[in-house]
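Here is a friendly walk through one protein model. Have a look at the sequence and the fold, then read on.

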Amino acid sequence: QVQLVESGGGLVQAGGSLRLSCAASGSIFSIGAMGWYRQAPGKSRELVAAITPGGSTNYANSVMGRLTISRDNAKNTVYLQMNSLKPEDTAVYYCKAVVATLSRGFHDYWGQGTQVTVSS
């Protein structure tokens, strides 16, 4: 199977920075797109940023210019550098990866989520 393990969440003041990491492990044959989603209390889960294996990126309008997604294909890891954080960025952040295993085609896998809290 495939596991995604996130790290780097926490409490930060408005204007501060955090860096999230998400490492994929297991019976991985290939990894396609990777991305970060977030879910605030009482709201639906939304896409924050996504990145293809070749490095093409896509961002939600609300985070453009403040958050940067990157990946290290050799380490099967995706990162989210979060700068100029705002209270409205407070949410549980989840990583997602489209992964092909040795026995299956491509499927979506999710991390367990990491809490990001931005105080005003």
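What follows looks at one strand, its partners, a disulfide and the nonpolar core.

## About the model

This is a predicted model, in which local features need pLDDT of at least 70 and side-chain atom pairs count only at pLDDT 80 or more, while totals for chains, interfaces and linings use all residues. Residues are numbered from 1 along each chain as its sequence is written, and side-chain values use heavy atoms, with hydrogens and water left out.

Let's begin with β9, which covers residues 91-101. Strands here are DSSP runs (E, at least two residues), numbered from the N terminus. Nine of the eleven residues in β9 are buried, where buried means under 20% relative accessible area with a 1.4 Å probe, protein chains only.

Which strands pair with β9? Two strands count as paired if DSSP finds at least two bridges between them. Strand β4 (residues 28-39) runs antiparallel to β9, with nine bridges; in this pairing R38 has Y93 of β9 as its bridge partner. A hairpin of four residues leads from β9 to β10. Strand β11 (residues 114-119) joins β9 by three antiparallel bridges, and there A91 sits opposite V116.

## The disulfide

How many disulfides does the structure hold? There is one, a disulfide being a pair of cysteine sulfur atoms within 2.5 Å. The cysteines are C22 and C95, with their sulfur atoms 1.9 Å apart. This pair links distant parts of the chain, 73 residues apart: C22 lies in strand β3 (residues 18-26) and C95 in β9. Both C22 and C95 are buried.

## The nonpolar core

A nonpolar core is a set of buried Ala, Val, Leu, Ile, Met, Phe, Trp, Tyr and Cys residues joined through side-chain atoms within 4.5 Å. The largest one here has 31 residues, and W36, V48, I69, V78, L80, M82 and Y93 have the most contacts inside it. Elements giving two or more residues to this core include β1 (2-7), β5 (46-51), β7 (67-72) and β8 (77-82). The biggest contributor is β9, with five residues.

For a closer look, take I69. Contact means heavy atoms within 4.5 Å. Setting aside neighbours within four places in sequence, I69 is in contact with residues including M34, W36, A49, I51, Y59, V78 and L80.

Terms used
Buried < 20%, exposed > 50% of the residue type's maximum accessible area, 1.4 Å probe, protein only.
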